[in-house]
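Hi,

Here is the structure I said I would pass on. Have a look at it, then read my notes below.

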Amino acid sequence: MTDRTAVRTGLLTVDGATLHHEVRGEGPLLVMMPGGSADAGIYDAIAADLADRWTVATFDPRGYSRSALAGPVTDQSPATHADDIVRLIESLSPDGAPAALFGSSSSAVVALAALARHPGRLSRVVAHEPPVVALLPDPEAGRALFAAVREAFRRDGVAAAMTTMAAGLAPEEGEAGPGPERAAERGEAPTPEQTATGEQAPTPEQAATFRRMHANLPVFLEHVLCPFSGYVPDLVALKASAAHLVVGVGRDSRALLPAVAAEGLARRVGAGVAEFPGGHIGLTEHPRAFAARLRDVLAAP
């Protein structure tokens with residue numbers, strides 16, 4: 001029997017890139033896509049918890065961390081990333097069995113594109129808070145916010161962009177304070193210090209992982225944020241596959257843009273909604289509880 005804690009790494013050549021991926025456990029295939037500036041390392045804790053029931057595959061998206069592009073980085077497309085997912089599924093599930101798919105934030109947008117484009121390859125899709133501005137009550141305000149974030153990055157750098165994002169996504173004064181969740185709502189991978197529990201300092205491996213993900217922020221801010229938030233889902237295709245789609249929302253972030261968009265999507269296509277612990281990336285805030293909730297959602301009939 002496979003040791004569910006052992007990590008098998010590999011490289012997969014796709015159109016225009018080489019994807020670093022990591023596999024744990026055994027059983028039906030579950031692909032977990034990182035969002036924001038994160039890479040496979042964001043799922044280290046959760047993947048180990050789920051690997052007793054699933055073959056859990058995580059990866060670095062093209063252009064991030066250890067997944068090199070064949071040429072210069074350009075604006076990214078959810079459709080291209082969705083096709084990457086299907087190539088990964090084909091390589092890890094050669095018998096053609098469909099896979100479960102989880103995505104959060106920007107990778108939840110990829111999850112929607114994958115279900116619309118390749119429904120036969122997916123058994124269940126959990127899209128946690130996709131920040132799709134087309135599904136907001138005021139789409140133009142959402143587009144303007146993310147355009148302002150990118151412009152702040154171009155003009156003044158990463159810190160200015162994150163400040164602009166925080167101001168645009170913040171709830172009413174006094175509803176939430178600083179901390180890892182506020183960083184998550186800005187699309188930023190939390191620092192090792194933010195994710196350390198209690199007084200325990202991050203291990204050198206954890207610190208290296210978060211430095212690696214933080215280094216992806218320029219690509220995220222310049223080439224991912226606006227194209228992904230501006231994606232217009234194929235609502236007809238998603239409605240046809242709604243039985244396979246679960247839309248996730250954070251218990252603590254339901255008033256914020258990504259959760260509002262997610263619930264708008266669920267209403268439009270008739271998908272189920274599942275509440276998860278924490279906020280926009282509760283998976284780093286409460287990894288064990290988040291994994292337990294995801295287990296229940298994936299195992300539900």
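**How H3 meets H9**

H3 passes H9 in a left-handed crossing, where left-handed means that the near helix is turned anticlockwise from the far one by less than a right angle, and clockwise would be right-handed. Before going on: this is a predicted model, in which local features need pLDDT of at least 70 and side-chain atom pairs count only at pLDDT 80 or more, while totals for chains, interfaces and linings use all residues. Residues are numbered from 1 along each chain as its sequence is written, and side-chain values use heavy atoms, with hydrogens and water left out.

The helix names come from DSSP runs (H or I, at least four residues; strands are E, at least two), numbered from the N terminus. The axes of H3 (residues 106-117) and H9 (residues 217-229) come within 10 Å and cross at roughly 50 degrees. Axes here are lines fitted to C-alpha atoms, for helices over the stretch in contact, and angles run from 0 to 180 degrees between N-to-C directions. That angle makes H3 oblique to H9 (under 35 degrees is roughly parallel, over 145 roughly antiparallel, 65 to 115 roughly perpendicular, the rest oblique).

Who touches whom? Ser106, Val109 and Val110 of H3 make the contact with Phe220, Val224 and Phe228 of H9, contact meaning heavy atoms within 4.5 Å.

**The sheet**

Eight strands form an open sheet with mixed pairing, in the order E1-E2-E4-E3-E5-E6-E7-E8. Two strands pair if DSSP finds at least two bridges between them. E1 (8-14) and E8 (272-276) stand at the edges with a single partner strand each, so one side of each has no neighbour in the sheet.

At the E1 end, seven bridges join E1 to E2 (residues 17-24), and the two run antiparallel. Threonine 13 stands opposite threonine 18 in E2. Their hairpin has two residues between the strands, and glycine 16 there takes a positive phi near 85 degrees.

Further along, E6 (residues 122-128) and E7 (residues 245-250) pair in the parallel sense over four bridges. E7 and E8 are also parallel, over five bridges, and valine 247 stands opposite valine 273 in E8. From E7 the chain crosses through H11 to E8 in a right-handed β-α-β crossover (with the strands pointing away from the viewer, the path from the first strand over the helix to the second runs clockwise).

Back to H3: this helix lies across E3 (29-33), E5 (99-104), E6 and E7, running at about 150 degrees to E6.

Cheers
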